[in-house]
Amino acid sequence: MTNEMKELSDEFHLNDEERAVFGEYTKNRFADAEEIEKPDTHFLALWDRILIYSGLAGVDRAINDKICAKRPVDFRSPQTLKMEIYDSVAGKIPIIYVRDTDDFEQLVTNIAYQGNRPENISATGASFISGKTTRFIILSAKPYSNVPAMELGLPDEADWEEKSLILRRGHECTHYFTKQTYGITNNILHDEIMADFIGMIEAFGFYKAEWFLRFMGIIEGSGDRLSFYTGNLPENVQKAVSKLAELCAYKLEKWSLTDGFHTLTTGERIKYMCKAGFNGLLQ
């Protein structure tokens with residue numbers, strides 16, 4: 001355990017069992033990962049055909065006929081749907097943009113949850129579908145992390161919804177990058193810190209640690225994502241992880257202002273954060 005991690009363990013009075021849980025949660029799962037030489041892209045051929053079909057029949061028909069034929073969606077606003085094969089930092093990835101909230105939630109329910117609407121669907125703004133034969137992303141224009149523009153000091157709610165969509169795209173494409181590059185995606189805070197960082201840079205051209213902390217609910221407000229990633233941890237460990245995330249966020253903000261940061265490509269930035277882990281991000 002590094003000095004910084006030990007200090008956090010001491011600050012929150014973690015016992016031996018809690019220290020072990022804290023150490024396991026914060027270990028770097030990318031540390032020994034090797035890069036994949038030829039990531040899987042075979043699924044794109046199917047999406048090329050789906051995209052052609054959407055140009056002929058409409059995006060709503062393409063979704064219902066080719067993607068969720070077993071559970072078609074009665075779209076409320078089919079004219080606002082958009083589909084593309086996006087050239088992301090990790091390579092091409094199909095993306096479906098769903099601006100109508102009801103349409104988004106029903107589509108995600110039908111595809112990701114076999115038609116069984118989950119209780120927390122209203123808190124969901126994006127869905128990464130990854131199976132044996134396909135990978136694609138579904139994005140909404142909900143305010144990111146359910147945080148309204150006014151909480152971030154932004155004057156225009158409509159513009160914030162547009163930025164939210166771009167932020168989500170960058171976020172999900174960061175997860176796609178780690179999957180394609182290392183074969184790893186983790187449902188833990190390290191991955192979310194990286195994904196929000198890249199998403200914010202792509203949406204705004206800058207990173208604000210305060211905004212990330214509001215998205216997570218570490219700064220009290222409308223955001224509450226932290227509980228999703230740490231809810232199964234003991235209470236004292238949750239507090240230590242929350243403090244760790246705060247420290248990392250402010251370190252990343254400082255890094256984003258350096259000349260060295262601006263010389264890196266998006267892929268290089270993600271690789272650095274992957275290999276750094278929590279410990280490296282604190283430096």
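This is a predicted model: local features need pLDDT of at least 70, side-chain atom pairs count only at pLDDT 80 or more; totals for chains, interfaces and linings use all residues.
1. Which residues does Leu247 touch, not counting residues up to four places away in sequence? Leu247 touches Leu8 and Leu282, where contact means heavy atoms within 4.5 Å. Leu247 is found in helix 10 and is partly exposed, with a relative accessible area of 34%. On this scale, buried means under 20% relative accessible area, exposed over 50%, and partly exposed in between, with a 1.4 Å probe and protein chains only. The C-alpha atoms of Leu247 and Gln180 are separated by 28 Å, the two residues being 67 residues apart along the chain.

2. Residues are numbered from 1 along each chain as its sequence is written, and side-chain values use heavy atoms, with hydrogens and water left out.

3. The overall fold comes next. The chain contains twelve helices and four strands; helices (H or I, at least four residues) and strands (E, at least two) are DSSP runs, numbered from the N terminus. Its radius of gyration is 20 Å, close to the 19 Å that the globule rule gives for 283 residues, so the chain is as compact as a globular protein of that length. The radius is taken over C-alpha atoms, and the rule is 2.2 Å times the number of residues to the power 0.38. Along its principal axes, the C-alpha trace spans about 60 × 45 × 40 Å. Of the 283 residues, 50% count as buried. Among contacts with a separation of 6 or more, 65% come from residues 24 or more positions apart.

4. The largest pocket has a volume of about 920 Å³. Of the 26 residues that line this pocket, the closest to its centre are Thr124, Ala126, Glu172, Phe228 and Tyr229. On a 1 Å grid over the protein atoms alone, a pocket is an open set of points where a 1.4 Å probe fits, with protein on both sides within 12 Å along at least five of seven lines; lining residues have an atom within 4 Å of a point. Grid points are joined across faces, edges and corners, and a volume is the space filled by probe spheres set on the points.

5. Strand 3 (126-130), helix 6 (157-182) and helix 9 (226-230) each supply at least two residues of the lining of the largest pocket. Helix 6 gives the most, with four residues. By class, this lining divides into eight nonpolar, 13 polar and five charged residues. Here Ala, Val, Leu, Ile, Met, Phe, Trp, Tyr, Cys and Pro count as nonpolar, Asp, Glu, Lys and Arg as charged, and the others, Gly among them, as polar.

6. Thr124 deserves a separate entry. The place of Thr124 is in the loop between helix 5 and strand 3, and at 16% relative accessibility Thr124 counts as buried. Leaving aside neighbours within four places in sequence, Thr124 is in contact with Phe104 and Lys142.

7. The second largest pocket has a volume of about 300 Å³. Of the 17 residues that line the second largest pocket, the closest to its centre are Ile67, Cys68, Ile111, Thr134 and Phe136. Helix 3 (44-57), helix 4 (59-67) and helix 5 (101-112) each supply at least two residues of this lining. The lining has ten nonpolar, four polar and three charged residues.

8. Helix 8 (residues 209-216) is mostly covered, with seven of its eight residues buried. These are Ala209, Trp211, Phe212, Leu213, Arg214, Phe215 and Met216. The buried residues of helix 8 pack against helix 6, helix 7 (189-204), helix 9 and helix 10. Just after helix 8, Gly217 takes a positive phi of about 90°.

9. Ser256 lies in helix 10 (residues 235-256) and is buried, with a relative accessible area of 6%. The side chain of Ser256 reaches the backbone oxygen of Glu253 at 2.6 Å. Apart from neighbours within four places in sequence, Ser256 is in contact with Phe197, Tyr207, Phe261 and His262.

10. Is Glu37 buried or exposed? At 77% relative accessibility, Glu37 counts as exposed. Glu37 lies in the loop between helix 2 (16-26) and helix 3. The C-alpha atoms of Glu37 and Thr2, 35 residues apart along the chain, are separated by 32 Å.

How values were computed:
A polar contact is a pair of N or O atoms within 3.5 Å; within protein, one must be able to donate a hydrogen and the other to accept it, and residues adjacent in sequence count only if both atoms are side-chain atoms.
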